[in-house]
Amino acid sequence: MIHRPLPAFLLLSLSLLSACTSTTTPTPPTGKTTSPPVASGDDVPTVARATRPAAPNCAVQSLASQVAGGDLAKLSYANLWPTLRTQASASTLAGLLLDTRTLINAKYYGFSAVDLQALHETWEANLRKTFGNLQQAVPSAADPLMAQYISAVNDDHTFYLSPASYQAFKNQGSGSPTPTPKFGFRFAAVPGEDGAVLIDIDAGTPAAAAGLQRGDTILSVNGVALTRSSSDDNAAASQYSSVLAAAITRGGSVTLGIRRGATPLSIAVTPSIVSSSSVPSGRMLGSTYLLRLPSFATAGTAQRVHDLVRAAQNAGAKSLILDLRGNRGGLVSEATGVSAAFAPKLAGQTLEFIDAQDLTFFYNARSGQVAGRGVCLKNTETLTTIQNPALWTGKLATLVNADSASASEVVTETLQKAGASAFGEVTVGVGNTATTISDLGSGNRGLSVTIARSRALDGQYLTAKVAPNVAVSDDLKALAHGDDLPLEAALNKVQ
């Protein structure tokens, strides 16, 4: 066997689509992989579709190692075959299409039954009809069409990232500072009403320092009322976003008129450059510790969760609620490490790849190590080590909603098996697969591809969607008026 370092993998969904992933299992693949051709002229060459062999060829570098640079603990954005074409070729429409079909045909191993070859040909024809010669540089108008193309794969883990989305993703993973000052909160328009309700406050940001909370509803900005000009909630949110952006541009402190429950408040916030990463945070609610986990995308997330669990124990918490609402996923290693704080024996999963060089991620409670082993790996590899690991043994519940995806689904299902109750809404439905994200073209666009199917450590495929034990609508209108219904239901259960 050849010993190769383990690569970086994601349990991540950035897709804005609400369509469910197909759960139809395709015929077990039996074939082989070929290297991609080079684009010639205006034609986009056909790329052979890889199929899963009956047994892995361990003399060949694993697809896992190729796509992620050989490091499980870090995100990777490298092309699968970066040296086969020049940047000039890859920056054309033809190069973009070739990169796309090459990455999908060589790597995709999800549950979609879509005819991928026919899909590629259809969208080559669509882009040719729209733009003419495919040897031209990629225009920005191609981005929405590429998004439609990849969404037609019918797999919520497989999606296209425009230049802005791809840069935002890379910033989040690296913790790069935001390019402009930010408040540090996320909001939605109050359904059918004026005002913007805060749905998340990032730790360590101006919003958090000012004491803003989930459920606070912004009614005015510097004295100007947030009065919607459209009955459409998305249009209203866009309108409010423009008002807040304009206030940031003017500089200095911004006075937000808010409603907290039924109480009007005026809170001054000075936007600033902050980290792009979303990190865990926690606070006591009576005898219950509320641990908010917005993402698994940043290295060190699991360590932070263990530290917060210990803080909860030191504070005398009798119960803990893990809030995964809106969490779209992140690193497999971090998800495994987070699960280990609550269910160490169940923490981990096996990822099956199209080249059959499968990998298993698991937690060693004695050493605090998140590790990996593979059918073609000579030794077990340590991916990250939790320093002074914690173990929560009190009452436990999780919160999920219709925007919880991927790693958050895996962790929720793991904790359910350990006896925790989940409260909220049915999740997105990509918890049974894992993802890698690669460059497209000249590197300013990206493609997320389902690269693996996920099994629990007991050998059973993970479920796509997580069904909460107690169904409670994450009602934003109720939240805007002081009632966080899923949280209240969980508190009633665990306190």
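**Exercise 1. The burial of cysteine 58 and its bond**

Task: Decide whether cysteine 58 is buried or exposed, and find which cysteine a disulfide joins to cysteine 58.

Solution:
- Cysteine 58 has a relative accessible area of 18%, so this residue is buried (buried means under 20% relative accessible area, exposed over 50%, partly exposed in between, with a 1.4 Å probe and protein chains only).
- The model is predicted: local features need pLDDT of at least 70 and side-chain atom pairs count only at pLDDT 80 or more, while totals for chains, interfaces and linings use all residues. Residues are numbered from 1 along each chain as its sequence is written, and side-chain values use heavy atoms, with hydrogens and water left out.
- Next comes the partner: a disulfide (a pair of cysteine sulfur atoms within 2.5 Å) joins cysteine 58 to cysteine 376, with an S to S distance of 1.8 Å.
- The structure holds one disulfide.
- Cysteine 58 sits in the loop between β1 (10–12) and α1 (63–68), and cysteine 376 in the loop between β15 (369–374) and β16 (381–385), so the pair ties together parts 318 residues apart in sequence. Helices (H or I, at least four residues) and strands (E, at least two) are DSSP runs, numbered from the N terminus.
- Cysteine 376 is buried too, with a relative accessible area of 4%.
- For the handedness, take the torsion about the S-S bond of cysteine 58 and cysteine 376: it is about -65°, so the disulfide is left-handed.

**Exercise 2. The faces of α8**

Task: Work out which residues of α8 are buried, and what they pack against.

Solution:
- Start with the length: at 1.5 Å a residue, the 18 residues of α8 (residues 233–250) should span 26 Å, and the end C-alpha atoms are 26 Å apart, which agrees. The expected span is 1.5 Å times one less than the number of residues.
- The buried residues of α8 are Ala236, Ala237, Tyr240, Leu244, Ala247 and Ile248.
- Viewed down the axis of α8, these fall within an arc of 120°, so they line one face of the helix; the arc is that of the directions from the helix axis to the C-beta atoms.
- They pack against β3 (185–189), β4 (196–201), β5 (217–221) and β7 (254–260), where contact means heavy atoms within 4.5 Å.
- On the face turned away from the buried side, α8 carries the exposed residues Asn234, Thr249 and Arg250.
- Just after α8, glycine 251 takes a positive phi of about 85°.
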